[in-house]
Amino acid sequence: MARAAVPGRLSNRLGWRVAHLVERRAETPTAGTLVLDAPDWPGHLPGQHVDVRLTAPDGYRAERAYSLAAPADGDRIELTVQRVPDGEVSPYLLDVFAVGDPVELRGPVGGWFVWRPADPAPVLLVGGGSGIVPLMAMVRARRAAGSRVPFRLIYSARTAADVLYADELRRRTRDDLGLDVFPLFTREPPEGATRPAGRISTADLNTNGWPPSFEPACFVCGPTGFVETVADILVALGHDPRRVRTERFGPTGG
Ligand SMILES: Cc1cc2nc3c(=O)[nH]c(=O)nc-3n(C[C@H](O)[C@H](O)[C@H](O)COP(=O)(O)OP(=O)(O)OC[C@H]3O[C@@H](n4cnc5c(N)ncnc54)[C@H](O)[C@@H]3O)c2cc1C
């Protein structure tokens with residue numbers, strides 16, 4: 001898509017507001033975090049997302065959803081975008097969208113796939129690929145709130161090079177009491193890994209998840225197939241479907 005133009009400014013939660021790119025950080029060779037200045041940002045809960053709208057000079061528009069990756073810092077918000085090869089919007093946001101450029105945002109959106117720090121239930125987070133993004137927002141919000149609610153994060157990535165937030169996850173596993181992270185790899189495990197490469201299985205969720213009797217709040221996010229598989233396994237293991245919340249990012253991977 002050609003560099004986007006932004007039509008007249010609108011600024012309310014249900015309508016579109018204009019934000020500007022402040023910084024872009026590489027996360028992996030195929031993903032980056034965008035820091036945006038979104039004037040009059042109303043705040044958001046971890047798990048919510050924004051709709052992003054790009055308008056080409058000829059008026060053509062493309063709209064996609066992106067999860068809010070971290071608690072807001074005033075009007076600053078963060079999105080992490082994974083490149084979808086041949087995608088229309090993600091390569092634009094990673095390669096063309098430049099510091100100072102405007103983009104239209106609507107949100108925050110979503111009231112079900114959210115974690116509230118006041119909720120005392122243990123939390124099981126299960127993410128596939130870029131599905132880690134809203135789950136990381138929850139991990140970061142837990143830290144920001146000083147919460148001691150026990151969190152377990154099971155994160156499926158293709159290879160170690162595809163792991164988003166790798167350094168921060170290592171640091172938080174060490175420093176954030178009550179947070180355990182279980183990485184698993186579908187293509188190529190890193191040296192020394194005890195689990196062979198493979199898709200997430202009942203054994204992974206049984207061993208590293210919470211037992212259903214703990215009544216955890218479960219959040220599952222990633223590609224549609226991944227989310228459906230994990231949700232089915234959790235329910236088969238005895239988790240109450242009402243406590244299994246899901247967010248589907250797209251058809252295949254990412
Ligand atoms: C609620 C919600 C939150 C989301 N949050 C994030 C986020 O935090 N980070 C993020 O990177 N993405 C996120 N997504 C996915 C994002 O909205 C886009 O779908 C993604 O960036 C692809 O858009 P695109 O225009 O680049 O590709 P498109 O032009 O839409 O698609 C190109 C090709 O890739 C396929 N495709 C589309 N989406 C995906 C996908 N996700 N994975 C693999 N193949 C795909 C399409 O079928 C098509 O064949 C979220 C989606 C939803 C619904």
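A residue counts as buried when its relative accessible area is under 20%. This cut-off is applied here to a predicted model.

Helix α2 spans residues 132–145. Its buried residues are Ile132, Val133, Pro134, Leu135, Met136, Ala137, Met138, Val139, Arg140, Ala141 and Arg142. Eleven of the 14 residues of α2 are therefore under the cut-off, so the helix is largely enclosed by the rest of the structure. An α-helix has 3.6 residues a turn, so residues three or four places apart point the same way. From its first C-alpha to its last, α2 reaches 20 Å. This is close to the 20 Å expected at 1.5 Å a residue. Just after α2, Gly146 takes a positive phi of about 65°.

The strands that α2 lies across are β7, β8, β9 and β10. They belong to an open sheet of five strands, in the order β9-β8-β7-β10-β11. Pairing in this sheet is parallel. The edge strands are β9 (179–188) and β11 (244–248), and each pairs on one side only. From one strand to the next, the twist averages 10°.

Strands β7 (residues 123–128) and β8 (residues 151–159) run parallel and are joined by six bridges. Within this pairing, Leu125 has Leu153 of β8 as its bridge partner.

Helix α2 runs at about 145° to β7. Helix α5 (residues 224–236) lies across β7, β8, β10 and β11. Its direction is about 155° to β10, a strand that covers residues 217–222.

Terms used: Residues are numbered from 1 along each chain as its sequence is written. This is a predicted model: local features need pLDDT of at least 70, side-chain atom pairs count only at pLDDT 80 or more; totals for chains, interfaces and linings use all residues. Side-chain values use heavy atoms; hydrogens and water are left out. Two strands pair if DSSP finds at least two bridges between them. Helices (H or I, at least four residues) and strands (E, at least two) are DSSP runs, numbered from the N terminus. Axes are lines fitted to C-alpha atoms, for helices over the stretch in contact, and angles run from 0 to 180 degrees between N-to-C directions. Contact means heavy atoms within 4.5 Å. The expected span of a helix is 1.5 Å times one less than its number of residues. Buried means under 20% relative accessible area, exposed over 50%, partly exposed in between (1.4 Å probe, protein chains only).
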